[in-house]
Each structure stands twice: as structure tokens, then as C-alpha cells.
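Below are some questions and answers about one structure. Please look at the sequence and the model first.

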Amino acid sequence: MSGNKSRVFVAKILLVFVAFVWGVTFLPVAKSVESVGVFSFLFWRFLVASLCMFLAVVFVVFFSFVKRAGVFDLKSKFDTKSILLGGFVGCFLFLGYAFQTFALKFSASSVVAFITGFNVILVPFLLFFSGKKLGFFEVLAGVLALFGLYFLSGVGFGEVSVGATGGAVNSNFDTNGGFFGRFFSSIKGEFLAFLCAVSFSLHIIFTGVFAKKVKAECFCVAQFALVAVFCFLGSFFMPKGAHAVVANLEFVATPLFLASVLLCAVVATVVAFFVQTWAQNFVPASQTAVIFITEPIFALAVGVWFGGEKFSLLQLAGCALILAGVFFSEKK
């Protein structure tokens, strides 16, 4: 295996790992947002992620300084270009989470999960209109993965949802309270879910476009910090919860909440998004989208084994179709 093919193989394995990590976090996140608002949870997640990523960069620079007895040059890891592009991509990341969250308030989570999965089709579609030629197998992979998600999410079949929040966030939302509640109550959840799919599609596409042009550490820190700021501001427009600490921003010092925040911040954010940024140097955005569609498979497995959720033959068929999509995405 040549050096480049080896890096591509490793990159794809790492992207599967990212999908696995995100799938594993579904259940603890669903449990955590039963006690605090979603924007509050996301704020703490991305605030901790920003600090951890920044401190990791400082540690690397300091270790290099001690080892080589050189100059402590922290500026070498941060540049204006990476910060600006990271902030730009971070806007789509925030919008993806926000649209998905509000979509779950007005539509069944299985429907939201399915529509969100449209990014597997939207990514190659948007790439096509940007001038990129698509192969037959790329299109086939996306279609198979989308049908797989259709069966896996149980849309129209009354199955258990594998949505990212499992619908648990509904207990913290009042459509009659707060600006967002009044505004979005007149908009169908299906449309918001579609906007979520578009946002995540654009995040994947632009991450692939910028991956070779930025310093990954700085790029990630900028994304995380911007999402944290937007979530902090967003929490002010939400109904005030029982655990508010600053305005409508909530925090609870329970073991589950703290563990969920740390798990999501360190593993599912710092590690996952850094890996994604690096891996998309070698894996096209269309293949990345197909690989990421395996996330609900891992979420369902955790839900079945640890959350007592049900599992059907239709969902098993959905898993098989998604894996078939991943297989065909490798074909030329």
C-alpha cells in the first residue's frame, strides 16, 4: 500500500471512529438535556472544547520549547486566516445544531433524523453545482445510505427513533415562551430539519475545501468558540429554567451532566472535529457524508444495549443499506 493510499485508508477509519463517537454520545446527551436547555448544554460543551483545544496547543508549543530550548512561539499555531475560516465554518455548525434542536420540537424525532440524513445526498448535489463531476457509484452510495436511514429511523413505520436527542429535549421547551418558541411555532419541523441538513452539508463541504489551507488547531478553536458564543446568546431567548445561573443559561452539577459535557467536549468535539479536519485532506466530502451516515447505527446499538430501546428487522435492513452505501462509496 503506497503512502498516499495508506493515509486515505487511515483517514476513512478515523472518520468511522468520529461517527462512532457521535453515535455513542446520543444517549448521554438525551439524558442530560432532560435537566437543562439544549443551548445551555451546547454552550458548556463548546466552551470546554474551546478551552481544551487551546490548552492542548499551548502544551504542544511549550513541550517543543522545552525540548528544543527554542522560542515559545504560540503565534505559529494561530493565524488570522485559520481563525476567520474556522469562524465561517462554525456558523454552519451552530446552525446545524440549532435547526435540528428546534425541528425536534415540532416533528417526530424519527422524521427529523431522516431529513437530517439528506446531507448524504445534498453534499454531492451541492458539489455538482460547484463544478465537481460525480461518479455513478457516488450517487448510488448516497441513495442507498438515504434509504437505509429511512428504514433505520423508522419513518412511517412507528419504530423507535435514533435521533440525536431522542426527543428528550422536548421537556425543556415551551412554544409559548421565549422569542424562538413564538417564532418557530409557526414553522414546520420538517423545514427546519431540512435547513439542518443543508447546514451540516455546508459544514462538511467547506471543511473539505479549507482543510489544506488552515492550521487545524486554530481552525477548530475558532469553530468551537463561535458556537459557544452563539449558544450563550441563544440561551437568552429561551424560557428560564430551574437551573439558571446567568440569565437563562443553565448548569447542574450532577455526575451525569458533568460526565456528558466532558465526554462531548473532549472526545466528541475536540478529538472528533480535529480528526475530521485532518481526514478531509484525503477523503472527498461526498465520501465523508456517506461515512458519517453510519452514526445512527452506532447510536441505535448504544440505545438497544444500554437504553432499553427496541430493535426491528426494518432497522436491521436499514443498517445493511447504509453499510452497502459505504461500500459503494469506495468504488470508482
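Q: How many of the eight residues of helix α11 (residues 285–292) are buried?
A: Helices are DSSP runs (H or I, at least four residues), numbered from the N terminus. Buried means under 20% relative accessible area, exposed over 50% and partly exposed in between (1.4 Å probe, protein chains only). Among the buried residues of α11 are Ala285, Val290 and Phe292. Helix α11 is largely enclosed by the rest of the structure because the buried residues number eight of the eight.

Q: On which numbering and model do these values rest?
A: The model is predicted, local features need pLDDT of at least 70, side-chain atom pairs count only at pLDDT 80 or more, and totals for chains, interfaces and linings use all residues. Side-chain values use heavy atoms, leaving out hydrogens and water, and residues are numbered from 1 along each chain as its sequence is written.

Q: Is Glu34 buried or partly exposed?
A: Glu34 sits in the loop between α1 (3–32) and α2 (38–68). Its relative accessible area is 44%, so Glu34 is partly exposed.

Note on methods
Helix = DSSP H or I, 4+ residues; strand = E, 2+ residues; numbered from the N terminus.
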